[in-house]
Amino acid sequence: MNAAEPARFDLFIDGQEISGQKGERATLKDPASGHAIASVAIAGRDEALHALEAADRAFRESPWAQDDGALRARVLRRLADRLEADAESFARLETVNMGKTLREARGDVAFVVRTLEYASGLADKIEGETIPVPPPRFDYTVREPLGVTVHIAPWNYPLLLAIRSVAPALASGNSVVLKPASLTPLTAVSFARLAHAGGVPPGILNVVMGPGREVGEALVTDERCRAVSFTGSVEVGLRIGEIAGRRAIPQTLELGGKSPVLVLPDADLDRAARGIGFGIFGNAGQMCWAASRLIVHESVRVPLLGKVRAFAEALKLGPGIEDGIDMGPLVSADQVDRVLGYIDAARQDGGKVITGGGRPDDPRLAPGNFVRPTIVEEVPPTSRAVREEIFGPVLSVSSFREVEEAIRLANDTRFGLFAALWTKDVGAAHSLARRLHAGMIAINDPPNTFPQTPFGGVKDSGVGSEQGRKSIEFFTRTKNVLVHLGTPGKRPAPASVRTKPPK
Ligand code: NDP
């Protein structure tokens, strides 16, 4: 990429790359260096409506929705292969746009490849059922695509979180309008180009960048939008939920988290320390399910904290694009301010920062949005830093004596996305898993997911779930067909014969 002339990324509508009507553009900068990397077209309401119109027409006119699934399976499989072949350039683009390390970005692209393969495998197995009813009737169901589905994606896993809902929507025969986050739209546009070249018909996959409040709301409010999948903040999620509720369309809201990690006295502390480190410092802590609240048994607090601290201090910060970097910058300067604000709040509320606590001293990192991996102890449970989602590399630590106390602390949050627990006691692990209020539990593992496993939360973490077979159910509706088979030997006469002649 030429730093003097940033690469152009336009809106992708109806199989074509176009600028917005007003010609507005934004320049995006590499969060590690501040260098301009891309010039991006900005859509407004008009382009959002244009994308919906293209998607609606393609849904009605292209073979995508009518096909028995074989075409969609083939095209999605081909797309997976093409993405795999081009994985390195996608990973590099994600890294310079969002800041994550190249290792993390490669992992994300590999996940998207698997998601496409999985969706491809489901595309020709979307089946209804026959339901016994009293004779002479026969009943069956078919699952039909919904029409145009809208996908609003966040900036922390730009390609992965977009395609995890786009892939099953396409596999189910829908047409898609994707609105990526304004900060990180580059891989979404590149993906649309790849999909088009790989045989996804024009209008079936459209990408519009632009301010969420204007473009996102225009998309969800329009009657052509038949379902919405949203990942992002609680505040915006609730707004989307309100609009979708008023329009009676299905919605999946994948919102924030404040996930607890419970460590029992018998845990393997080395493995737990690594898992805790990955769970809060991975992606520089910018994860909806970041395991940000460590709740450790008092008897192992000191040795465990020593190991987690050593893990944090060994992480090499730097531009994600360089070799050997463990943690990249945060996505934006605003995000740095937000995270530092929470660290200050923790301090003011009496918390003790045992490592990190601010920006790194290394002058080479000064132009980037870097924050050191941070661990804070003794923050009261009422502190903003413990109650709200920080979305950065900040771990708060509290300890417990009785397991009941640990459960109470773990569940004392408005969120319920994920919880991890570390113990060798199988019985304790499964009974704790039942009592933790979260949509996903990991036992002796950091936050980890696969395209075939459901992903979703309870309480303010959202409604519905992404991934897995159920995603096909979300993107299709059931139609019931009841047939009267007639009485054997007494077939009903045609209507013209049954009609009595006028007297
Ligand atoms: P937002 O919820 O604001 O943004 C997520 C997506 O929604 C973006 O595409 C955004 O567009 C769009 N959007 C914003 N406002 C509207 C609206 N009124 N109607 C429709 N779409 C809209 O998250 P932020 O990016 O601002 O991040 C703020 C905080 O949210 C983070 O610090 C974190 O706490 C949380 N978050 C949680 C995520 C998760 O995975 N659960 C992911 C990202 C953030 P645009 O980019 O144009 O604003």
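**Helices, loops and backbone angles in a predicted model**

Me: In the loop between which two elements is phenylalanine 391 found?
Reply: This is a predicted model, in which local features need pLDDT of at least 70 and side-chain atom pairs count only at pLDDT 80 or more, whereas totals for chains, interfaces and linings use all residues. Residues are numbered from 1 along each chain as its sequence is written, and side-chain values use heavy atoms, with hydrogens and water left out. Helices (H or I, at least four residues) and strands (E, at least two) are DSSP runs numbered from the N terminus. On that numbering, the loop that holds phenylalanine 391 runs between H13 and E17.

Me: Why does phenylalanine 391 count as buried rather than exposed?
Reply: Buried means under 20% relative accessible area, exposed over 50%, and partly exposed in between, with a 1.4 Å probe and protein chains only. Phenylalanine 391 counts as buried because its relative accessibility is 14%.

Me: What is the phi of phenylalanine 391?
Reply: Most residues other than glycine have a negative phi. Phenylalanine 391 is a residue other than glycine, yet its phi is positive, near 65°.

Me: What is the omega of the peptide bond from proline 135 to proline 136?
Reply: Proline 136 is in the loop between strand E6 (130-131) and strand E7 (137-145). Most peptide bonds are trans. The bond from proline 135 to proline 136 is cis, and its omega is near 5°.

Me: Which strands and helix are included in what covers the buried residues of H12?
Reply: Helix H12 (residues 333-348) has 16 residues and reaches 22 Å from first to last C-alpha, close to the expected 22 Å; the expected span is 1.5 Å times one less than the number of residues. Its buried residues are Gln335, Val336, Val339, Tyr342, Ile343, Ala345 and Ala346. Contact means heavy atoms within 4.5 Å, and the cover over these residues includes strand E15 (352-355), strand E16 (374-377), helix H13 (384-387) and strand E17 (394-400).

Me: Which glycine, with a positive phi, follows H12?
Reply: The phi of this glycine is near 105°. The residue that follows H12 is glycine 350.

Me: Which residue takes a positive phi just after H9?
Reply: Helix H9 (residues 234-247) has 14 residues and spans 20 Å between its first and last C-alpha atoms, close to the 20 Å expected. Its buried residues are Val234, Gly237, Ile240, Gly241, Ile243, Ala244 and Arg247, and their cover includes strand E8 (148-152), helix H8 (212-221), strand E11 (225-231) and strand E12 (251-254). Just after H9, a positive phi of about 55° is taken by alanine 248.

Me: At roughly what angle do the axes of H4 and H7 cross?
Reply: Axes are lines fitted to C-alpha atoms, for helices over the stretch in contact, and angles run from 0 to 180 degrees between N-to-C directions. The axes of H4 (residues 87-98) and H7 (residues 186-197) come within 9 Å, and they cross at roughly 155°.

Me: What orientation does that crossing give H4 relative to H7?
Reply: Angles under 35 degrees count as roughly parallel, over 145 as roughly antiparallel, 65 to 115 as roughly perpendicular and the rest as oblique. Phe90, Leu93, Glu94 and Asn97 in H4 meet Leu186, Thr187, Ser190, Phe191 and Leu194 in H7. By the crossing angle, H4 is therefore oriented to H7 as roughly antiparallel.

Me: Which backbone nitrogen does the side chain of serine 461 reach at 2.9 Å?
Reply: Serine 461 is in the loop between strand E19 (440-443) and strand E20 (462-463), and it is buried, with a relative accessible area of 0%. Not counting residues up to four places away in sequence, it touches Leu253, Glu254, Leu255, Gly256, Gly257, Phe415, Gly416 and Leu417. At 2.9 Å, the side chain of serine 461 reaches the backbone nitrogen of glycine 416.

Definitions and conventions: A polar contact is a pair of N or O atoms within 3.5 Å; within protein, one must be able to donate a hydrogen and the other to accept it, and residues adjacent in sequence count only if both atoms are side-chain atoms.
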